[in-house]
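Good morning, and thank you for coming. Today I shall speak about charged side chains and how they pair in one structure. Please look at the sequence and the model now.

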Amino acid sequence: MIIKPDKIIRAKRKTVSITVDSSGRLIVRAPLRCSEARILAFIEEKSEWILKHRAKKAHLQSLLPSENLNGFQFLLEGKPAEICYFSGKRLVFYEENRCLYLPEGKGEESVQKWLKNRAKFMFSELVKLRANEMRVSYKEVRISSAKGRWGSCSQDNTLRFTFRLLYAPIAVIDYVVVHELAHTAHKNHGKAFWAMVEKHCPDWKIKRKWLKEHGYFMQIF
Ligand SMILES: [Zn+2]
């Protein structure tokens, strides 16, 4: 099979590079005077990589919500949940059937707002509890919309967590809380830092692995 580039971007550079964008398009970056033959040869050489990444992107796309949110399934605190349109006025979540009832006509923005509120309440409680156990103090808990990081701790010990962390199992959320709280005592990832994390969350490696494997969860909502 011959793979053709969807877009070639020429620039002042020395090497050819390829990326597959979120819709599976193959983008090639090439030097200004690079021949078509050299580009095609490069693509040929990387064909296995391209096919693998396209399959991955297609799979990811199938896990993300489309415009019609009705029936969309996702994980909430690590357990399956589903969005159901209804004729009510306010978004409501029923624990019994794990349905997030969304007023018809409302979209992602409403879901995000609801998730942020839930995250604020839940993460604040967890932080309070864990800070007590770890004997550390922090300034405040803030909820972010970050897509690149699950949590952070600033110089003044303000803790930030992305509301998207709410998709993870509670035990994983707990690890992120312990991780960021440990940063109030150690502003690095040194030995003392990990010793503190290990003490309060012995199986942190399993939880960190979960976060790595589910990085694409950041793309939901
Ligand atoms: Zn860290």
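Predicted model: local features only at pLDDT ≥ 70, side-chain atom pairs only at ≥ 80, totals over all residues.

Glu77 and Arg118 meet through their side chains in a salt bridge, at 2.8 Å from N to O; the term requires a side-chain nitrogen of Lys or Arg within 4 Å of a carboxyl oxygen of Asp or Glu. Glu77 sits in the loop between β4 (73–76) and β5 (79–86) and Arg118 in helix α3 (residues 108–134), so the pair ties together parts that are 41 residues apart in sequence. Helices (H or I, at least four residues) and strands (E, at least two) are DSSP runs, numbered from the N terminus.

Residues are numbered from 1 along each chain as its sequence is written, and side-chain values use heavy atoms, with hydrogens and water left out.

Is Glu77 buried or exposed? Glu77 is buried, at 11% relative accessibility, and Arg118 is partly exposed at 23%. Buried means under 20% relative accessible area, exposed over 50%, and partly exposed in between (1.4 Å probe, protein chains only).

A second salt bridge joins Asp6 to Arg54, with the closest N and O atoms 3.4 Å apart. Asp6 lies in the segment before β1 (7–11) and Arg54 in helix α2 (residues 47–63), so this pair connects parts 48 residues apart in sequence.

Within helix α3, Lys128 and Glu125 are three residues apart, about one helical turn, and form a salt bridge.

Finally, the whole structure holds eleven salt bridges; Arg130, Glu133 and Asp174 are linked in a network of them.
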